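Please keep the sequence and the three-dimensional view at hand while reading.

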Amino acid sequence: MKSAAAASIIHDARIRAGLSQRQLARRAGTSQAVISAYENGRRDPGFAHMLELVRAAGFTLDMQLTRQLGAPRSRREADIWSMVESGEDDDRIRDNLGLSATQRLRKMGAMRTFAGKYRGAAGRPQ
C-alpha cells in the first residue's frame, strides 16, 4: 500500500491524537524513524501495520466502498436499477405497504418456496 494515502492516514491519526512520532512509535512498538519513513512515503507500512498504527493512536479506520459515477454495473445490478429508475416497482411497493406484517411474511414465505423450486428445477440463476 505504498501511497500518499497511507502516509496521510498515519500522519493524520498521529496529529489528531496529539502525539509526536516518538510517542506513536513507542505505543506501536517501533521506532520514530520508521514512523517518519511511513509518513513521508519512503516506506510502505502495509495495510495491517497501518491499521495497527491507527489503533495505537487511538482511532479506528473505517472504509466505505462506493460506486464511481459512470462505472460499469453487473447485468443483475443494471436490471435492478433500471426497474427502480423506471418506477416499475412502485406498484409492488404500494401493494406491499397495504399488507399487514403477517400478510407480508406469508407472501415472503410463498416467494421463498417458489424460488426454491425454481433453483431446484433450473439450477441457480446467475
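## A question to begin with

Which side chain does a polar contact of 3.0 Å join to that of E39? The partner is the side chain of Q21. A polar contact here is a pair of N or O atoms within 3.5 Å; within protein, one atom must be able to donate a hydrogen and the other to accept it, and residues adjacent in sequence count only if both atoms are side-chain atoms.

## Basis of the report

The model is predicted: local features need pLDDT of at least 70, side-chain atom pairs count only at pLDDT 80 or more, and totals for chains, interfaces and linings use all residues. Residues are numbered from 1 along each chain as its sequence is written, and side-chain values use heavy atoms, with hydrogens and water left out.

## Overall architecture

The protein chain contains seven helices and zero strands; helices (H or I, at least four residues) and strands (E, at least two) are DSSP runs, numbered from the N terminus. The chain has 126 residues, of which 18% count as buried. Buried means under 20% relative accessible area, exposed over 50%, and partly exposed in between, with a 1.4 Å probe and protein chains only.

Contact means heavy atoms within 4.5 Å. Among contacts with a separation of 6 or more, 48% are made by residues 24 or more positions apart.

## Helices α1 and α3

Helix α1 covers residues 4–17 and helix α3 residues 32–39; their axes come within 7 Å and cross at roughly 125°. Axes are lines fitted to C-alpha atoms, for helices over the stretch in contact, and angles run from 0 to 180 degrees between N-to-C directions. The two helices are therefore oblique to each other, since angles under 35 degrees count as roughly parallel, over 145 as roughly antiparallel, 65 to 115 as roughly perpendicular and the rest as oblique.

On the α1 side, A7, I10, H11 and R14 take part, and they meet I35, Y38 and E39 of α3. By class, this contact has four nonpolar, one polar and two charged residues. Ala, Val, Leu, Ile, Met, Phe, Trp, Tyr, Cys and Pro count as nonpolar, Asp, Glu, Lys and Arg as charged, and the others, Gly among them, as polar.

E39 lies in helix α3 and counts as buried because its relative accessibility is 11%. Beyond neighbours within four places in sequence, E39 is in contact with A7, I10, H11, R14 and Q21.

S36 is also found in helix α3. With a relative accessible area of 14%, S36 is buried. Leaving aside neighbours within four places in sequence, S36 is in contact with Q21 and R42.

## The nonpolar core

The largest nonpolar core has 14 residues, and those with the most contacts inside it are I10, L24, I35, Y38, L53 and A57. Such a core is a set of buried Ala, Val, Leu, Ile, Met, Phe, Trp, Tyr and Cys residues joined through side-chain atoms within 4.5 Å. Helices α1, α2, α3 and α4 (46–56) each supply at least two residues of this core, and α4 gives the most, with four residues.
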